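Visitor: I'm new to reading structures. Could you walk me through one, feature by feature?

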Amino acid sequence: MNKIVLMSILGVALVGIFVIKRMQKPAGNARYTIGILQTASHPALDAAREGFMQELQSTLGNEVAFVIQNAQGSVSQAHSIAQQFHANKKMNGFFAIATPAAQAMSAVEKERPIIISAVTDPHALGIIHPTTNVCGTKDMIDVKAEIDMLLHLVPHAHHVGLVYTSGEVNSRVLSKLMRKELEARGIVVSDFAFGSEADVHAMVELACRKADVILAPTDNTVASTIAVIAATALKHKKPLFVSDNMLVKSGALAARGVDYKTGGKRAAQIAHEVIVEGKKPFEVPVEQPTCEQIFINQTTLEALGLTIPPELHNQVVLEEKR
Amino acid sequence: MIELVEIAQGIVERGIIFGFVVAGVHLSSRLINFDNVAVEGAFGIGGALTALLISWGLNPWIALAAAAVAGGLSGVVTGLLHTRLQLNTLISGIVVTTGLFSIILVIAGSNMTLGKETIFSSLPLALAPYQPLLVLGVLCILLFSLMSWFLKTEVGFLLHAVGDTPQMVTNVGKSVEGYLVLGLVLSNMLAAISGALFVHYARYFSIWTGVGVLIIGLAGMILAQVLSTNFGIALVLGSIAYQALIALTFELQLNQDWNKLVTATLIVVLLGIKQWLPRK
């Protein structure tokens, strides 16, 4: 009997906390509230969030408030958050960062606008259709431009090793495109895919022994373990190319890929069009922010004894190793 | 108020879905005394197979059944690794979960969207918002009644005995190993059903869905023990309680870095309360 009484008291207390938190929520005098659902904690995704928030705050100031939640990599938690956002009628729109967040959010919310960023191939996820409530930016890179850069810096490349996570959609999509582009130019390509962070070191060692250039697509595990990958590549004197510009600072040789912060900023401008100006999400196509710059790590460049060819000079941004 | 009802509905829906994992974990660790790490892999394979079969246009209920069978097979493998090759219980589970990762990738890739019908799209449109809740509720009552009945049969009693007094199983001329494998088949089957239901519910499959499922199962089981240590609907209530705790953590809107610690603390508090309760 006691158990039942106690459990009901607990239950009531729990509901009480929910009610109190809900009542408190009117966030100051903000006219717009945006729920941000981030897939995991990771520098690229954090950058997308910061870019998004900065841009909206600069245009809307105090009129916009954010509720930030992070699923910490768990799909079921992403769902849980998406559902709580959906239940919150005060939210005017949602910002979903990376594929799992975008999928969870769009599975639950069918009416209010969802702005996405850092999603590689939203069309393949089936969330973009003629009456969709999803719009935003993707993080697909210009594969041809990236390969051009690789061959400019390492003209003698004849065997490229692709390192990526076997379980990430974005990595699989991109690595296939990269393979196609490289093979079209007569270069041998090998895949070195790892299952989790624990396998990264061994797999990159292997890649460095077999291939003469290492190339990575945008990949969450690569982003988290870039220090290990960069150090291993440098030890073997192999040039390492990445697709996330931020990773060049951490020791990769070069990138001409995605700038997540720019992607987030552009997503914020789209959010402004949809949430403030009242455009329909399906009228705004998903954008691919372009990258005209090449990011090169000077320390790594010198360590490898490479030089920047003159035709690239006006595009190059030099980064120092931190 | 509407908001709260919606949140509560989501909590109950996810609670029921993960309740099957909780039941699987309970079956293995309480009944046959086997710490079954393979539930995580079984959950994944259940989801992956469901996604693949539905994308082929197969009836979603058949897909669910197929997922259960696949989960059962993974239980056979786990059991045989332990009984025949004498692998440690944890190692057998880890090996199966690790191996299944590749099989899942081959079956469904890392991500798959379901455009077609699921088991939650069979009722008339008027009931649409409550479909998952209704279908899950009925399914949960059916399967849990079935399991409860099964555990009261002779085979069920022998399953209990495998964990408590294996000698008794031998005494009545039955094979302990056989019953151990049977227990694991059931445990993994329940986990696979859970994985399949989650895919039906979310309408997409992601290889990362299985991450952390073991924790969900263990936490749900431990919370369920506040109510009852027997197999039964308490397991689902425990699972719902855990989902409520997670939802509450988000609701508090602390700095999100602290979320996991808050969840952990809430579990400790809830279990601490159990200590104050008068013992029977």
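Guide: Let's begin with domains, whose bounds come from an automatic or database domain assignment. Here, chain A is divided into domain 1 (29–139 + 261–283) and domain 2 (143–258 + 292–319). This is a predicted model, where local features need pLDDT of at least 70, side-chain atom pairs count only at pLDDT 80 or more, and totals for chains, interfaces and linings use all residues. Residues are numbered from 1 along each chain as its sequence is written, while chains are lettered from A and ligands numbered from 1 in the order in which they are written.

Visitor: How many residues does each domain of chain A bring to the contact?

Guide: Two residues are in contact if their C-beta atoms, placed from the backbone, lie within 7 Å. Domain 1 of chain A gives 10 residues and domain 2 of chain A gives 11. The domain centres, taken over C-alpha atoms, are 30 Å apart.

Visitor: Which strands make up the open sheet in chain A, and in what order?

Guide: Strands (E, at least two residues) and helices (H or I, at least four) are DSSP runs, numbered from the N terminus. Two strands pair if DSSP finds at least two bridges between them. In chain A, 5 strands line up as β2-β1-β3-β4-β5, with parallel pairing. At the edges sit β2 (64–70) and β5 (134–138) of chain A, each pairing on one side only.

Visitor: Which residues of helix α9 in chain A are buried?

Guide: A residue is buried if 20 or more other C-beta atoms lie within 10 Å of its own, exposed if 12 or fewer, and partly exposed in between, with C-beta atoms placed from the backbone. In α9 (residues 226–235) of chain A, the buried ones are A:Ile226, A:Ile229, A:Ala230, A:Thr232, A:Ala233 and A:Leu234. They pack against several elements of chain A, including β6 (159–165) and α7 (200–210).

Visitor: And what is the average confidence for chain B?

Guide: pLDDT is the predictor's confidence in each residue, from 0 to 100. Chain B averages 87, and 94% of the residues score at least 70.
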